[in-house]
Amino acid sequence: MEEDKLEIAEVYRAARVLRDVARHPRLIGPTKLNPGAEIYLKPENLQHTGAFKLRGAYYKISQLTPDERAKGVIACSAGNHAQGVALAATANGIKSLICLPAGAPISKIEATKRLGAEVCLVPGVYDDAYEKALELRDQYGYTFIHPFDDLKVIAGQGTIALEILEEMPDVEAVIVPIGGGGLIAGIAFALKQLKPDVKVYGVQADGAPSMFVSVRDGKREHLQSVSTIADGIAVKEPGNNTFEFCSRYVDDIVTVSEDEIAAAILALIEQQKLVAEGAGAVSVAAAMFDKVPVAGKKTVCVVSGGNIDVTILNRVITRGLVKSGRNCTFKLDVGDKPGQLSEICSIFGNNGANIISVTHERNSDATSINGCILRIEVETRNNDHIAQIKAALAEAGHHVVQ
């Protein structure tokens, strides 16, 4: 198998190359993200380019021959690998061309350009950008820098494992996001070589479970479509190498929902003052919602990136508030009579809820001809608080539709 060609010495060699290039963010914790486990964070969102991708890209480019350097490099990416390649190529005086999905966040596109790369936008998702990059590689003789399915890239990502073990030798579990699988391949390989008893768990989004499905089926599977707010891991098919690494070294792979990802992003902002993109937060979501068995274990969640598009951050936060019970819209079917609204609002106030908006609909789907629908959006403390308010409304004789 291809992974047999990677040796732990290569990961250490990558660490030496990256010593003065990549940041080495210290572990954060223990946190209170999951009260039943000792959760720490490896904040790769604080990396120079806002994501771990710099490590593998820089190490790969540093190993190119003079002839390869002269011809330049090409890459494809959902955004973060693009910035890593752009920074590494520019730092080494090499021309770079990056193919990005046309729907990639504008912030990632502009950041790639600022780092010195030429950008080619390709309609579709990552896999479409990949095909275009291969086409241009063959046409112009560029060296292709694969975002995940390359042993030197994998070795570069594996340096994260060395840093975790150096700082926390007694780590018991590590949770890692999975897109194409380069990050978890490097981390799992290094951890299992140096401390085989450490559990390594991978996490994908429900809407892009390519590695989850592939490992489950025992062969690489190609998804017809992917859809998730975690755009950095929206990959239709894992790589040959990364599939083999995951099959051999990863203990389990789970998926998380869009709401769980949003809640994790919100928790990182509020509790740790860290901004994570969806792809970076899936590891935390898995820990928060008990998707992996880490109860009582000293666990590290790799927060792989923080390049979230600010235009969708507000929507993500709102979704996270709803998931965590911090925001709720009550729909009540009530009689249309004087004083009704005042009475209902007082119930919310007496139970400590802050009303954000009230919508009063007479011509609606109310069950009674003389009835109306009230939609009341409120700020709440948690899901228990929501249940308390619903009980108070029911006790007062009001019918909560949802």
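Reader: Which residue does Arg-55 form a salt bridge with, and how far apart are the closest N and O atoms?
Author: Arg-55 forms a salt bridge with Glu-44, and the closest N and O atoms are 2.8 Å apart. Keep in mind that this is a predicted model.

Reader: Where do Arg-55 and Glu-44 sit in the chain?
Author: Arg-55 is in helix α2, residues 53-62. Glu-44 is in the loop between β2 and α2. They are 11 residues apart, and the pair links distant parts of the chain.

Reader: Are Arg-55 and Glu-44 buried or exposed?
Author: Both Arg-55 and Glu-44 are buried.

Reader: What about Glu-163, what does its side chain meet in a salt bridge?
Author: The side chain of Glu-163 meets that of Lys-42, at 2.7 Å from N to O. Glu-163 belongs to helix α7 (residues 151-167) and Lys-42 to strand β2 (residues 38-43). Glu-163 and Lys-42 are buried.

Reader: How many salt bridges does the count come to?
Author: The count comes to 21 salt bridges. One of them joins Lys-71 to Asp-67, where the closest N and O atoms are 3.7 Å apart.

Reader: And where do Lys-71 and Asp-67 lie?
Author: Both lie in helix α3, residues 66-71. They are four residues apart, about one turn of the helix.

Reader: Why does that spacing matter in a helix?
Author: An α-helix has 3.6 residues a turn, so residues three or four places apart point the same way.

Reader: New topic. In what order do the strands of the open sheet come?
Author: The order is β5-β4-β3-β6, four strands with parallel pairing. The edge strands are β5 (118-122) and β6 (143-144), each of which pairs on one side only.

Reader: What joins β3 to β6?
Author: Two bridges do, and the strands run parallel. Strand β3 covers residues 73-76. Within this pairing, Val-73 stands opposite Thr-143 in β6.

Reader: Which helix packs on the sheet?
Author: Helix α5, residues 106-114, packs on the sheet and touches β4 (96-101) and β5. The direction of α5 makes about 150° with that of β5.

Reader: Switching to helix α12. Why is it called largely enclosed?
Author: Helix α12 (residues 278-288) has 11 residues and 10 of them are buried, so it is largely enclosed by the rest of the structure. The buried ones include Gly-278, Val-282, Ser-283 and Ala-287.

Reader: What covers the buried residues of α12?
Author: The cover includes strands β2, β7 (173-177), β8 (199-205), β9 (252-256) and β10 (298-303), along with helix α11 (258-272).

Reader: What happens just after α12?
Author: Asp-290 takes a positive phi there, about 55°.

Reader: Last one. Where is Ser-247?
Author: Ser-247 is in helix α10, residues 240-249. Ser-247 is partly exposed, with a relative accessible area of 39%.

Terms used. Residues numbered from 1 in each chain as written. Predicted model: local features only at pLDDT ≥ 70, side-chain atom pairs only at ≥ 80, totals over all residues. Heavy atoms only, no water. Pairing = 2+ DSSP bridges. Contact = heavy atoms within 4.5 Å. Axes fitted to C-alpha atoms, helices over the stretch in contact; angles between N-to-C directions. Buried < 20%, exposed > 50% of the residue type's maximum accessible area, 1.4 Å probe, protein only. Salt bridge = Lys/Arg side-chain N within 4 Å of Asp/Glu carboxyl O.
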